[in-house]
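This report goes through the side-chain contacts of one protein model.

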Amino acid sequence: QTYMNGYLANQIQRCNDAGMPYALYVNVRARNVIEADAECRALYYVISRYPPKLGLWLALQTNATIKSVNDSILEVYYKYLYRWGLGAKCGLYITRKQIDTITWDKFKDRFYLWCIDDMNVSEVDDELLTPEMFEVAD
């Protein structure tokens, strides 16, 4: 049976009511290509029901430490994302340490990168923290 998070449906309904486009993110927990394929098939239910205009972010939570395994998992995900029309709107939501677990040069032209390492707030330019950063263009 397909599981749907009630909070997701509520949040997306609120975005739709406000006329605000949204992106989705998914935790990638697959340890091999078979599990990645199964995750993608389950993800399709959400994507088909709630197509994200702003794309999809993949949060890597795989335990695989071998680059070739992680690369293969990302290849499976990209194949599906491309097929669903999200090939130009997908990104990786990962830490600098996780970048070392994939061959980034292989994916840099296919995925956006959102590096989520902790930062010292005193080192961040105040201008980066203004609300304009989060505004959605018309």
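## Charges over rings

Arg110 lies over the face of Tyr78, 5.1 Å from the ring centre. A charge is taken to sit over a ring if NZ of Lys or CZ of Arg is within 6 Å of the ring centre and within 35 degrees of the ring normal. Arg83 does likewise with Tyr80: its charged end sits over that ring, 5.0 Å from the centre.

## Basis of the model

This is a predicted model, in which local features need pLDDT of at least 70 and side-chain atom pairs count only at pLDDT 80 or more, while totals for chains, interfaces and linings use all residues. Residues are numbered from 1 along each chain as its sequence is written, and side-chain values use heavy atoms, with hydrogens and water left out.

## Overall layout

The protein has five helices and four strands, in the order α-β-α-β-α-β-α-α-β from the N terminus. Helices (H or I, at least four residues) and strands (E, at least two) are DSSP runs, numbered from the N terminus. Of the 138 residues, 33% are buried; buried means under 20% relative accessible area, exposed over 50%, and partly exposed in between (1.4 Å probe, protein chains only).

Among contacts with a separation of 6 or more, 67% join residues 24 or more positions apart. A contact means heavy atoms within 4.5 Å.

## Nonpolar core

The largest nonpolar core holds 33 residues, and Leu24, Leu56, Leu58, Tyr77, Leu81 and Phe111 have the most contacts inside it. Two or more residues each come from α1 (6–18), β1 (24–28), α2 (33–49), β2 (56–60), α3 (67–83) and β3 (90–94). Helix α3 gives the largest share, seven residues. Such a core is a set of buried Ala, Val, Leu, Ile, Met, Phe, Trp, Tyr and Cys residues joined through side-chain atoms within 4.5 Å.

## Aromatic pairs

The whole structure contains eight aromatic pairs. Rings of Phe, Tyr and Trp (its six-membered ring) pair if their centres lie within 6.5 Å; planes under 30 degrees apart count as stacked, over 60 as edge-to-face and the rest as tilted. Tyr78 and Tyr82 are a tilted pair, because their centres are 6.2 Å apart and their planes at 35°. The two are four residues apart in helix α3, so about one helical turn separates them. Tyr78 is buried at 16% relative accessible area, whereas Tyr82 is exposed at 58%.

Tyr93 and Trp114 pair edge-to-face, with 5.0 Å between centres and 85° between planes. This pair links distant parts of the chain, 21 residues apart: Tyr93 is in strand β3 and Trp114 in strand β4 (residues 112–115).

## Charged side chains

There are four salt bridges in the whole structure, each a side-chain nitrogen of Lys or Arg within 4 Å of a carboxyl oxygen of Asp or Glu. One of them joins Glu75 to Arg110 at 3.0 Å, N to O. Glu75 lies in helix α3 and Arg110 in the loop between α5 (104–107) and β4, 35 residues apart. Another joins Glu35 and Arg31, whose closest N and O atoms are 2.7 Å apart.

Asp71, in helix α3, is buried yet has no salt bridge; the nearest side chain of opposite charge, Lys106, is 4.1 Å away. Lys and Arg count as positive and Asp and Glu as negative; His and the chain ends are not counted.
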